[in-house]
Amino acid sequence: MGGSTTWTGPASAAGEPLLTVSGNIAGSSAVDFDRDTLESMATETIRTSTPWTQGVQEFRGIPLKTLLVHVAALGGKLRAIALNDYAAEIPIAEASAAGAIIAVRQNGKPMSVRDKGPLWIVFPYDSDPKLVTDDFLNWSAWQLRTLVVQ
């Protein structure tokens with residue numbers, strides 16, 4: 001995995017929102033992120049195979065812990081909601097410790113809805129057998145649209 005940095009850009013999206021973070025966050029009821037903002041925050045690269053793709057893939061995205069620090073998340077769980085209304089309850093500490101990212105690119109290209117995009121919660125699955133257990137696989141929400149901090 002690549003290194004991560006602290007992002008200090010704008011708090012709200014100027015363009016079409018791709019991700020909304022709401023719930024138990026400081027200073028706002030919700031924060032929207034557009035593609036440009038998310039791309040500027042994408043500081044982590046994971047090279048891993050997944051149960052849903054062929055061969056090793058390269059994912060670039062925002063470390064989950066960085067995104068949550070940016071919105072001043074105050075809770076211990078996330079409810080990740082996809083475009084198709086799939087929802088997963090994710091313990092923040094466990095997902096962050098495992099190296100979860102909000103992927104915005106796969107193999108250098110933005111992901112389409114057809115290809116599990118535009119956003120996908122990805123773990124470095126090849127780095128630890130526990131990351132391919134049911135919990136982590138269920139937390140790997142693709143077509144991600146909303147994170148609600150609980």
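**View 1. Ser 96 is buried, with a relative accessible area of 15%.** The model shown here is predicted. Ser 96 counts as buried because its value of 15% falls under the 20% cut-off. Ser 96 belongs to helix 3, which spans residues 92-97. Beyond its neighbours within four places in sequence, Ser 96 contacts Leu 64 and Lys 65.

View 2. In general, nonpolar side chains tend to be buried together in soluble globular proteins. Which residues does Leu 147 touch, not counting those up to four places away in sequence? Among them are Leu 19, Thr 20, Val 21 and Ser 22. Leu 64 and Leu 67 are also on the list.

**View 3. Ala 72 has a positive phi.** Its value is about 55 degrees, although Ala 72 is not a glycine. Most residues other than glycine have a negative phi. Ala 72 lies in the loop between helix 2 (64-70) and strand 5 (77-82). Is Ala 72 buried or partly exposed? Ala 72 counts as partly exposed, at 30% relative accessibility.

**View 4. Gln 143 has a positive phi and is not a glycine.** The angle is near 55 degrees. Gln 143 is found in the loop that runs between helix 4 (134-139) and strand 10 (144-149). With 14% relative accessibility, Gln 143 counts as buried, because the cut-off for buried is under 20%.

**View 5. A cis peptide bond joins Gly 117 to Pro 118.** Omega is near 10 degrees for this bond. Most peptide bonds are trans. Where is Pro 118 placed? Pro 118 is in the loop between strand 8 (109-110) and strand 9 (120-122).

**View 6. Residues 1-13 have pLDDT under 50.** For this stretch, the model has 28 contacts beyond four places in sequence. The protein chain has a mean pLDDT of 91. A pLDDT of 70 or more is reached by 91% of its residues.

Note on methods
Residues are numbered from 1 along each chain as its sequence is written. This is a predicted model: local features need pLDDT of at least 70, side-chain atom pairs count only at pLDDT 80 or more; totals for chains, interfaces and linings use all residues. Side-chain values use heavy atoms; hydrogens and water are left out. Contact means heavy atoms within 4.5 Å. pLDDT is the predictor's confidence in each residue, from 0 to 100. Helices (H or I, at least four residues) and strands (E, at least two) are DSSP runs, numbered from the N terminus. Buried means under 20% relative accessible area, exposed over 50%, partly exposed in between (1.4 Å probe, protein chains only).
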